[in-house]
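Please read these notes with the model open beside you. They go point by point, and each point can be checked by eye.

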Amino acid sequence: MTKQISTFISTIFQPLLMPIYSIAFLFVYSYFQLIFIQAFWTIMAPAIIFSFVLPAVFIWVLYKLKMVSDLSLKIRKERFIPYLISLISYSVMIWFYYKMGMPKWFLMLTLASVAVMFVAIVITFWWKISAHMLGAGGFIGGMLAVCFFVEKSNPYYLFMIAFLIAGMIGTSRLILKRHTFGQVIAGFWVGFLLSFQFVWLGI
């Protein structure tokens with residue numbers, strides 16, 4: 001895998017996009033497509049705005065103010081403020097979904113992203129855990145819980161693809177030398193277990 005391909009994979013599967021992918025997956029697979037299809041953009045808009053657009057804009061502003069060295073946040077000590085901004089923005093997103101009357105398990109799925117972000121902030125004080133793998137693990141853990149506990153199904157073919165993509169993301173981070181193997185593995189399992197547990201508790 002070349003560095004160009006690794007950069008492309010890291011870009012399209014960046015952590016800020018994972019909540020959007022998670023909710024889009026619900027419309028593709030879960031009963032969302034039957035009940036909420038008319039409200040597709042009403043449900044997708046908060047995820048797009050609060051999990052991606054606003055955090056990305058603030059990170060760009062921090063970069064322009066020279067408070068971070070680069071947009072990918074390579075330096076561990078520079079991650080605290082961007083992570084905190086993302087945490088606040090994600091929290092506002094959950095408030096919007098709560099006011100919309102979304103199901104409890106859905107709220108817990110989105111709340112899991114806040115929990116993952118909080119853990120990332122704490123760990124960042126002494127270690128550079130992979131945010132990409134936190135996102136990938138969170139996506140798979142959350143979707144696995146939705147399929148098992150909400151849909152009562154086991155779309156193993158979808159999860160084979162998801163785990164393959166997670167492997168590609170982890171490999172790309174190693175090729176780009178952004179993380180060690182331990183940081184990649186830890187990121188995946190922390191994200192996976194937190195998201196799975198949160199959705200499970202919301203059933």
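This is a predicted model: local features need pLDDT of at least 70, side-chain atom pairs count only at pLDDT 80 or more; totals for chains, interfaces and linings use all residues.

Which handedness does the crossing of α7 and α9 have? The answer is in point 4, after some words on the chain as a whole.

1. The chain contains nine helices and zero strands. Written out along the sequence, the pattern is α-α-α-α-α-α-α-α-α.

2. Overall dimensions. The C-alpha atoms occupy a box of roughly 45 × 35 × 30 Å along the principal axes. A compact globule of 203 residues would have a radius of gyration near 17 Å, and the chain, with 16 Å, agrees with this. Of the 203 residues, 50% count as buried. The accessible surface is about 10300 Å², and carbon and sulfur atoms hold 74% of that surface.

3. Helices α4 and α5. Two packed helices are described by the angle between their axes and the distance between the axes. Helix α4 covers residues 40-64 and helix α5 covers residues 80-99; their axes come within 9 Å and cross at roughly 160°. Angles over 145 degrees count as roughly antiparallel, and α4 and α5 are therefore roughly antiparallel to each other. The crossing of α4 past α5 is right-handed. On the α4 side, the residues that meet α5 include I43, F50, L54, F58 and L62. On the α5 side, the residues that meet α4 include I81, I85, Y90, M93 and Y97. Prolines take part too, among them P46 and P55 in α4 and P82 in α5.

4. Helices α7 and α9. Helix α7 (residues 131-150) packs against helix α9 (residues 181-201) at an angle of about 30°, with the axes 6 Å apart. Angles under 35 degrees count as roughly parallel, and α7 and α9 are therefore roughly parallel to each other. As for the opening question, the crossing of α7 and α9 is right-handed. The α7 residues in this contact include the glycines G137, G138, G141 and G142. Those of α9 include G187 and G191, along with F188, F192, F196 and W200.

5. Residue F40. Where does F40 lie? F40 is found in helix α4. With a relative accessibility of 24%, F40 counts as partly exposed. F40 and S113 are 73 residues apart along the chain, and their C-alpha atoms are separated by 20 Å.

6. Residue L73. This residue belongs to the loop between α4 and α5, the two helices that are roughly antiparallel to each other. The phi angle of L73 is near 55°, a positive value in a residue other than glycine. Is L73 buried or exposed? With a relative accessible area of 7%, L73 is buried, since buried means under 20%.

7. Residue K177. The place of K177 is in the loop between α8 (156-175) and α9. Phi of K177 is near 60°, again a positive value in a residue other than glycine. K177 has 72% relative accessibility and counts as exposed, since exposed means over 50%.

How values were computed:
Residues are numbered from 1 along each chain as its sequence is written. Side-chain values use heavy atoms; hydrogens and water are left out. Helices (H or I, at least four residues) and strands (E, at least two) are DSSP runs, numbered from the N terminus. The radius of gyration is taken over C-alpha atoms; the globule rule is 2.2 Å times the number of residues to the power 0.38. Buried means under 20% relative accessible area, exposed over 50%, partly exposed in between (1.4 Å probe, protein chains only). Accessible areas come from the Shrake-Rupley method with a 1.4 Å probe; for residues, only the protein chains shown count as cover. Axes are lines fitted to C-alpha atoms, for helices over the stretch in contact, and angles run from 0 to 180 degrees between N-to-C directions. Angles under 35 degrees count as roughly parallel, over 145 as roughly antiparallel, 65 to 115 as roughly perpendicular and the rest as oblique. A crossing is left-handed if the near helix is turned anticlockwise from the far one by less than a right angle, and right-handed if clockwise. Contact means heavy atoms within 4.5 Å.
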